Amino acid sequence: MTTDDLAIAVVGMAVRLPGAATLDEYWDLLLGGRITATRSGEIDGDFVPSYGTVAGSGHFDPDRFGISEAEAVLIDPQQRLLLDVADEALADANADPSAAPVSIYAGVGRNDYLDWVSTALAGRPGVDDMALEVANGGDYAATRVAYRLGLTGTALTVQSACSTGLVAVHLACQDLLGAGSDVAVAATSAVRVPGPRGYTAAAGGIGSPDGCCRPFDRHANGTLPGDGAGAVVLKRLADAIADGDRIWGVIRGSATNNDGSVKSGFAGVNSQAQRDVVLAALDVAGVEPHEISYVEAHGSGTRVGDAAEWSALAEVFEGTGQPVAVGAVKANLGHLREAAGIAGIVKTLLSLHHGKIVPTPSFTGLPEDLARRSGTLAPVADVLDWTAGVRRAGVSAFGLGGTNCHVVLETAPPRPAGEARTDGLLLLSSHSARTLDEDTEALRDQVVAAPERVGDLAFTTQTSGRKLRERRYVVVSADEDPAEAFAAGRLRGQTATAPRSEPGIGFVLPGIGSHYQGMGAGLAARNPIFAGHLDGVLDHADELTGGRVSPRFAPDGRAQGKGGDRVDLAAMLRRKDKPARSAVDLPELHLSLFCFEYALARTLVDHGLRPSVLIGHSLGEWVCSVLADVIDVETAMVAVHRRAGLVKLAGEGHMLAVLASAEEVAGYAGDDAWLAADNGPKHCVFSGRPGGIARLSERLRADGFSVLPVDAMHPFHTPQLEDAARLLGDDLTSVEMRAPKIPLASSVLGRWLGPDDLGPAYWRRHMVDTVHFRDAAKLALTKAQVLVEVGPGTARPWVLQADPSAVVVRTVRQSYEQVSDTDALLAGLGQLWANGVRVDFGPLHAKDAMRVQLPRPSSHRRRFLPDQPPPQRKSFSPSTEAPAEPRQVVAVEETGVDELERHLRAQWRALLGLREVHPDDHFFHLGGDSLMGVHLIAGLREVTGVQVPSEQVFAFARFGAMVTHLRGWLAGEPRISEKGTDCHG
């Protein structure tokens, strides 16, 4: 085993110290040599009104940890601070506690909060001895953090007085080296509550009579007490490098020992024991004394303590011939008791990271006895550059009672430059809508400042960090201003509250109808996972068609990802004029859709998505049968190819979509027109002979129904295909059919497909019978709360019309959307994650992807301390459960709303399956299509008596802007020109 095998990386840190609530603030005060103790008056006898106070130590944001306000008041503030710093350090480390076992070694100090809170809240419901003990006992410090943050490794409370923090680091290192966990947190919090105004500097004691701590200085006369909290997150160095972590520094080795009894008394010190622990740590690290250039000493500022430590260091480093700088952060902050070691190691890691050795404030010179033994030791009076080569340092902490600890640190290994990428999917989560907005704003600023790091930010947000319930995703495209990705209108539709448990998902595979030339070409070119799955089936498809399927995945020549609101309105409205497909290209058309959906489904599975149910619409059910292992893929492709070729036996046919339920219009069937698909409460399709469909269209229009021709030249799902279906069934008689391994909601039967249903007879019916998609979707939602459209489908509004609470996620762009295939898939993955689905984002990134620092998570701390006498305000509830945060729904005031707005609001609700309509809602982003647009325009004519041109109705696709524009247009105000049309709203 090499020393590299024993190396531990520090990947995250956080502090709450006197004068510093963040790492940046801590570094600033260190670099400036500032003393941050608070002086609140004049010295009065032996009382010194100075103290190292942590600002806001009684403030807390219980919502972030699922803690009720009543419980927050009971919990010792230093344990609340322990939660804060552990959580923030894990965020700084980009660590996800749910991904691997995380251990915590933590300690807290002693204070008088238990006496205060038990007196102030005496007699209140839920305030009893047990509740007070659990909320304040040091035994529960580490386990409380583990419970609230979901840490599943060892949770151990450490208590060794002034060396507690550094001993916690040592134990965390041992945990990692023993494979007890993959990530370990070392944390301490020492806060006196109620906060003291100062301390008594009794004669002969350790307190400084003038309120100044001067380690190793000739004027040193004692220490200065203070409060503090801090945490570091550790990983094995090899793991941190492999995971692309940002590393603050490396722990090469550590050691602990005890003074034993060879000292003046229990509170005395043993210089030889201190020497031995330093030598032991160097030995573990495989580092010679001459390789150390800085020591962060315990440095209490007492004459006896300083003399003993200086003597120990002098013995260790004598004869090395190399200067060793010595500093002690107690000169800046005071003696933080249990948190002293954490303050020292974080200071040293910051120095290693920044390449500066910071000064010890108030240092004027060594006392004579220390100067005689200084040798290579040199206290630091000024800032020193520290940039040459590999830099190494030692950190000491010695506890009252004799537990000593020393840690050897080294600079982080050089980091390879990450790949510059300006596009990617960013994920955010927080505990409230307010903090989520603040985190989003901070991330936006980071993206705008360094757009070339979006790729690393995407990797970091996708693969790390604690996942909270309020979630948002942002797709940053390479071809647009990154700030546009954070526009409020986009973000509102990209935000969700994840359920408490992971929802089940279902795959919905559409049939022919929304396909287009170049469909999936962007994924084939840029997504190697998709391309691999596609190539695996394209070869067979080309064999069946003479090489005519592969060209369908060539780019269509139109730019993707450009344009104001990312919808080509003109292209969308022209869809009703598209030329129909001929029978000649039907086999390759069907096989191209089959190959695309199959490759995309396999890609989603590679992202960790495991469907609990499958639904196929017409042709899509053949892909479902392959995914459910009913039939092998090549056999299914042969059948699809044969099926498409047989369709021509039915002769010419047309299809017609109707914006109405099947029940409303079923009576119109007949006269060579049949109901072909029942898709949703407000959508169905008729199919039949051209004349019959033409007559049907006229009758439906005359009766006020909105209709739209479907892009087809054949009478799919009608009795006209009976001969073709019979021949297909004959071909399938020798094909083995297996029971579905994934539940398959049959759109033929409207129920679960069972083993007795499978066979030639089923596929005959599948070709001729009505598609009962509405029934299949309803059935699927009993097993899955989230449905994923695996193909260019339009199922979202159909499903939401029936169940507005359902979640339907698209993964493919429509032909008229000016976004890239990659961005459409990323948006789908982001929406799945935002709705609580666990997604494996690893396949999106190269093995050498790098994690970067994210903005500090937002929180809203407020005072949680008892008032004395007890407060007159409403007492806190004794419940230990966090109150459910009501979902904020923006209700639109109906008062003063004109008939136009009322009508449009009702239409949007009905067409898109919405409970509420927000001014920023976007018609097309919510699933609106050309048929719904036709209905909207027809409805406007009814309510206004005016035929409003489509370019005016959709001049603005967002609801509020649409209402405002149409109101002005109808009133004769200046009309928007075609050139000025802005679908962005």
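Ser-271, Gln-274, Arg-275, Val-278, Leu-279 and Leu-282 of helix 9 touch Ala-308, Glu-309, Ser-311, Ala-312, Glu-315 and Val-316 of helix 10. Contact here means heavy atoms within 4.5 Å. Helices (H or I, at least four residues) and strands (E, at least two) are DSSP runs, numbered from the N terminus. The model is predicted: local features need pLDDT of at least 70, side-chain atom pairs count only at pLDDT 80 or more, and totals for chains, interfaces and linings use all residues. Residues are numbered from 1 along each chain as its sequence is written, and side-chain values use heavy atoms, with hydrogens and water left out.

Two packed helices are described by the angle between their axes and the distance between the axes. Helix 9 (residues 271–285) and helix 10 (residues 303–317) pack with axes 8 Å apart, at an angle of about 40°. Helix 9 is therefore oblique to helix 10. Axes are lines fitted to C-alpha atoms, for helices over the stretch in contact, and angles run from 0 to 180 degrees between N-to-C directions. Angles under 35 degrees count as roughly parallel, over 145 as roughly antiparallel, 65 to 115 as roughly perpendicular and the rest as oblique. A crossing is right-handed if the near helix is turned clockwise from the far one by less than a right angle, and left-handed if anticlockwise. The contact of helix 9 with helix 10 holds six nonpolar, three polar and three charged residues. Ala, Val, Leu, Ile, Met, Phe, Trp, Tyr, Cys and Pro count as nonpolar, Asp, Glu, Lys and Arg as charged, and the others, Gly among them, as polar.

The axes of helix 20 (residues 586–606) and helix 21 (residues 620–627) come within 10 Å and cross at roughly 40°. Helix 20 contributes Phe-594, Glu-597, Tyr-598, Ala-601 and Arg-602 to the contact, and helix 21 contributes Gly-620, Trp-622, Val-623, Val-626 and Leu-627. Seven of these residues are nonpolar, one is polar and two are charged. The crossing of helix 20 and helix 21 is right-handed.

Helix 6 (residues 141–149) is largely enclosed by the rest of the structure, because seven of its nine residues are buried. Buried means under 20% relative accessible area, exposed over 50%, and partly exposed in between (1.4 Å probe, protein chains only). The buried residues of helix 6 are Ala-141, Ala-142, Arg-144, Val-145, Ala-146, Arg-148 and Leu-149. They pack against helix 2 (69–74), helix 3 (77–92), strand 6 (102–108), helix 5 (129–136) and strand 7 (155–157). Gly-150 follows helix 6, with a positive phi near 70°.

The whole structure contains twelve aromatic pairs. Rings of Phe, Tyr and Trp (its six-membered ring) pair if their centres lie within 6.5 Å; planes under 30 degrees apart count as stacked, over 60 as edge-to-face and the rest as tilted. Tyr-762 and Trp-763 have ring centres 5.2 Å apart and planes at 85°, so the pair is edge-to-face. Both residues, Tyr-762 and Trp-763, are buried. Phe-923 and Phe-954 form a tilted pair, 5.4 Å centre to centre with 50° between the planes. Phe-923 and Phe-954 are buried. Ring pairs join Trp-908, Phe-923, Phe-954 and Phe-959 into a cluster.

The protein chain has 33 helices and 31 strands. Buried residues account for 58% of its 985 residues.
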